[in-house]
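The sequence and structure are shown first.

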Amino acid sequence: MTPLIPAELLAKSEKILFIAHLALGDFTYLQNGFRAFAAAHPHIEIHLWIDEVRRTADATQWEGLRKYSLYDWVEHSGLFAKVYRQTYSPALYEESVREAQAEHYPIIVSLAHVRPQQYAELARRLNPQGLVIGTRKRVKLIRPWHYFSYRKLDAILAPYAGPDVGEHHVSSVYADWFQQLSGIDIPVADRYPFVHIPEASLHQAREQLASWGFDTRKGPLVLLNPFAKSHKRSWPLERIAELITRMQQQAKWADACFLINAMPQELAKVNAMAQARGLQRTHAFSAVDNFFQLPAMLAQCDLIISVETSIMHLANAVHVPVIALMRKKNPEWAPFDSANSTVITVARRSDWVKAIPVDQVLHAIA
């Protein structure tokens with residue numbers, strides 16, 4: 001297969017811009033592609049446009065969007081010479097557009113899962129003369145104007161068509177994208193998720209556990225994450241309470257300490273629930289200062305039980321066994337490390353994660 005980016009253009013280019021609407025889970029696997037591209041083309045600076053899909057004119061939301069923890073990880077990864085991260089308000093978005101246009105990128109690549117036609121338009125707007133490559137979805141009859149958006153692309157990243165299509169992991173899709181772009185082969189072993197945690201964050205996690213009176217030398221530490229952005233992927237908090245109660249009744253977990261991951265605004269609610277239910281050695285946790293607080297705390301654990309969010313992928317990155325509670329909608333987003341992961345799925349495709357009973361989780365733990 002001929003790479004989408006001509007070899008002669010790669011050889012003479014000094015920089016490339018990737019556009020992506022990243023979430024933590026995306027970057028967990030996509031970073032391997034950026035790392036492989038950087039190794040194959042060390043003379044090229046990689047610039048990254050992170051598009052905020054929650055962009056809003058509501059100024060009350062800007063501070064929360066500005067502090068999105070993903071930015072900490074991306075900017076400390078060492079992979080990018082420049083990151084466009086101020087796209088959360090209309091004014092800042094336009095300012096970022098002007099800044100990117102001034103760079104005159106010779107190559108712009110859109111890695112968009114959703115609304116790819118919108119990002120085809122953006123990529124071409126950033127440089128009318130550059131090579132623009134992007135993803136594409138089938139044009140529906142009710143939206144024929146998408147066809148004209150896709151015509152602004154010089155080349156298209158084809159849908160994944162590997163031998164394991166239908167049973168593949170999302171990391172295979174990302175590896176295939178970079179194979180299409182410049183012929184880079186990313187072996188399965190090099191697709192494993194990873195995160196480099198600063199020693200200061202690890203120290204902070206250990207101090208935090210000690211301040212709660214948790215002594216992980218006496219018993220295992222378990223983190224439970226019942227919350228997801230979608231209610232369909234969340235697990236009821238009362239199930240978490242029942243699970244902790246029943247685990248503490250078992251000899252193996254009698255001395256265990258439990259962390260319940262929650263959003264900062266939910267910490268008081270979760271701690272109040274734990275106290276009301278009489279849960280011993282149980283405390284709510286949230287990465288309130290920066291992204292690295294999360295993987296640093298995960299690295300202290302002996303077991304992680306999580307619904308379908310970035311936490312179950314980060315569990316693989318810090319090499320802690322994980323039990324993942326998932327719907328049937330997106331099996332390609334299961335944890336990468338099958339040897340250290342147990343996936344519990346709902347019975348029917350239409351079921352929400354709350355359909356998974358506590359007994360099923362206890363069986364998986366056993």
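## Salt bridges along and between helices

E63 and R66 lie 3 residues apart in helix α3 (residues 62-66), so about one helical turn separates them. The model is a predicted one. A salt bridge links E63 to R66, with 2.6 Å between the closest N and O atoms.

Other salt bridges join separate elements. K82 and E99 form one, their closest N and O atoms being 2.9 Å apart. Since K82 belongs to strand β3 and E99 to helix α5 (residues 90-101), this pair ties together parts 17 residues apart in sequence. K82 is buried, with a relative accessible area of 19%, which falls under the 20% limit for that class. E99 counts as partly exposed at 37% relative accessibility.

R125 and E94 also meet through their side chains in a salt bridge, at 2.6 Å from N to O. R125 lies in helix α6 (residues 116-126) and E94 in helix α5, so the contact ties together parts that are 31 residues apart in sequence. Both count as partly exposed, R125 at 37% relative accessibility and E94 at 28%. Salt bridges with shared partners also join K15, K82, E99 and E103 into one network. The structure holds 16 salt bridges.

## The six-stranded sheet

An open sheet of 6 strands runs in the order β3-β2-β1-β4-β5-β6, with parallel pairing. Its edge strands are β3 (82-84) and β6 (155-156), each of which pairs on one side only. Strand β2 (residues 45-50) pairs with β3 over 3 bridges in the parallel sense, and W49 stands opposite Y84 in β3. Between β1 and β2 there are 6 bridges, again parallel; here I16 stands opposite I46 in β2.

Strand β1 (residues 15-20) has 6 of its 6 residues buried, so the rest of the structure largely encloses it. K15, L17 and I19 point one way from the strand, while I16, F18 and A20 point the other way, and all are buried. K15 is also a member of the salt-bridge network with K82, E99 and E103.

Strand β10 (residues 303-307) runs parallel to β11 and is joined to it by 4 bridges. I305 stands opposite I323 in β11. Strand β11 (residues 322-326) is mostly covered, with 5 of its 5 residues buried. On one side these are V322, A324 and M326, and on the other I323 and L325.

Helix α13 (residues 310-317) is largely enclosed by the rest of the structure, because 8 of its 8 residues are buried. Among them are the polar residues S310, H313 and N316. H319 follows α13 and has a positive phi, near 65°.

## Surface patches

W145 is found in the loop between β5 (131-134) and α7 (146-150).

A positive surface patch is made by K137, R138, K140 and R143. K137 is found in the loop between β5 and α7, and counts as partly exposed at 44% relative accessibility.

Key
Residues numbered from 1 in each chain as written. Predicted model: local features only at pLDDT ≥ 70, side-chain atom pairs only at ≥ 80, totals over all residues. Heavy atoms only, no water. Helix = DSSP H or I, 4+ residues; strand = E, 2+ residues; numbered from the N terminus. Patch = residues over 30% accessible without salt bridge, like charges linked within 9 Å, V, L, I, M, F, W, Y side chains within 5 Å. Areas by Shrake-Rupley, 256 points an atom, 1.4 Å probe, with all protein chains shown as cover. Salt bridge = Lys/Arg side-chain N within 4 Å of Asp/Glu carboxyl O. Lys, Arg positive; Asp, Glu negative; His and termini not counted. Charge placed at Lys NZ, Arg CZ, Asp CG, Glu CD. Buried < 20%, exposed > 50% of the residue type's maximum accessible area, 1.4 Å probe, protein only. Pairing = 2+ DSSP bridges.
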